[in-house]
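The following dialogue shows how the features of a protein model may be read.

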Amino acid sequence: MEIKRYTDEAVELLARLISTPSVSRDEGAAADIFADFIGKCELPCQRIGNNILIQEELDPAKPTLLLNAHIDTVKPAGGYTRDPFTPSVEDGKLYGLGSNDDGGSLVALLETYSLLSAAPQPYRLVFSPFFFMMIEIIVRSVMNVVRWIKTDTSELETKEGEAV
């Protein structure tokens with residue numbers, strides 16, 4: 001596949017994602033679009049809720065290369081000068097909510113996975129547009145518990161004797 005075709009495909013997918021509201025914890029419609037696109041590419045896709053996973057079969061002899069981005073966006077800010085859900089191209093740049101964080105990366109990594117998985121690689125490929133957010137949620141939850149514990153127990157120490 002030529003570069004222009006990949007680029008056009010990526011821009012079209014990103015424009016569809018931009019025009020679909022996908023605020024955190026309400027990204028189902030964007031996940032639908034993304035999963036549909038992956039299906040058309042005939043990639044081995046697993047979906048659990050709004051989480052999508054594309055992976056090669058596990059080979060313990062190969063290291064794993066994880067390609068990661070997230071589907072959701074933040075709520076549009078009040079100071080937006082454009083309609084955040086209307087993608088527009090100006091001077092070769094695509095504008096819209098999620099075009100940078102993290103739709104551009106999401107689409108670029110999917111195209112990367114598609115290209116790399118077309119030939120044998122010395123590593124196992126995994127594309128996971130949800131994993132980072134799961135880790136972020138877990139880390140935030142743990143940090144909230146630690147803050148709560150510190151509020152109630154100012155002398156809390158770790159095994160190494162350092163204050164938390």
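Predicted model: local features only at pLDDT ≥ 70, side-chain atom pairs only at ≥ 80, totals over all residues.

Q: Is Ser-128 buried or exposed?

A: Burial is read from relative accessible area: buried means under 20%, exposed over 50%, and partly exposed in between, with a 1.4 Å probe and protein chains only. Ser-128 has a relative accessibility of 3% and therefore counts as buried. The residue has its place in strand β6.

Q: How many helices and strands does the protein have?

A: Helices (H or I, at least four residues) and strands (E, at least two) are DSSP runs, numbered from the N terminus. The protein has 4 helices and 6 strands. Their order from the N terminus is α-α-β-β-β-β-β-α-β-α.

Q: In what sense do strands β1 and β2 pair?

A: Two strands count as paired if DSSP finds at least two bridges between them. Strand β1 (residues 45-48) and strand β2 (residues 51-55) are antiparallel, with 4 bridges. Within this pairing, Ile-48 stands opposite Asn-51 in β2. The two strands form a hairpin with 2 residues between them, and Gly-49 in the turn has a positive phi of about 65 degrees.

Q: Which residue of β6 stands opposite Gln-55?

A: Gln-55 stands opposite Val-126 in β6. Strand β2 and strand β6 (residues 124-128) run antiparallel and are joined by 2 bridges. Gln-55 can also be compared with Ser-128: the two are 73 residues apart along the chain, yet their C-alpha atoms are separated by 8.3 Å.

Q: How many aromatic pairs does the structure hold, and how is such a pair described?

A: A pair of aromatic rings is described by the distance of the centres and the angle of the planes. Rings of Phe, Tyr and Trp (its six-membered ring) pair if their centres lie within 6.5 Å; planes under 30 degrees apart count as stacked, over 60 as edge-to-face and the rest as tilted. The structure holds 1 aromatic pair. Phe-34 and Phe-127 form this pair, which is tilted, at 6.0 Å centre to centre and with 40 degrees between the planes. Since Phe-34 lies in helix α2 (residues 28-40) and Phe-127 in strand β6, the pair ties together parts that are 93 residues apart in sequence. Phe-34 is buried, with a relative accessible area of 0%, and Phe-127 is likewise buried at 0%.

Q: Which residue lies over the face of Tyr-95?

A: A charge sits over a ring if NZ of Lys or CZ of Arg is within 6 Å of the ring centre and within 35 degrees of the ring normal. Here Arg-82 lies over the face of Tyr-95, at 3.9 Å from the ring centre.

Q: How does the span of helix α1 agree with its number of residues, and which of its residues are buried?

A: The expected span of a helix is 1.5 Å times one less than its number of residues. For the 16 residues of helix α1 (residues 3-18) this gives 22 Å, and the end C-alpha atoms are 22 Å apart, which agrees. Tyr-6, Ala-10, Leu-13, Leu-14, Leu-17 and Ile-18 are buried in α1. They cover an arc of only 140 degrees around the axis, so they lie on the same side of α1; the arc is that of the directions from the helix axis to the C-beta atoms. The face turned away from the buried side carries the exposed residues Lys-4 and Glu-12.

Q: Where does Glu-42 lie, and what is its phi?

A: Glu-42 has a positive phi of about 60 degrees although it is not a glycine. Glu-42 lies in the loop between α2 and β1 and is exposed, with a relative accessible area of 72%. Asp-91, also not a glycine, has a positive phi near 50 degrees. The loop between β4 (88-90) and β5 (93-95) holds Asp-91, which counts as exposed at 80% relative accessibility.

Note on methods
Residues numbered from 1 in each chain as written. Heavy atoms only, no water.
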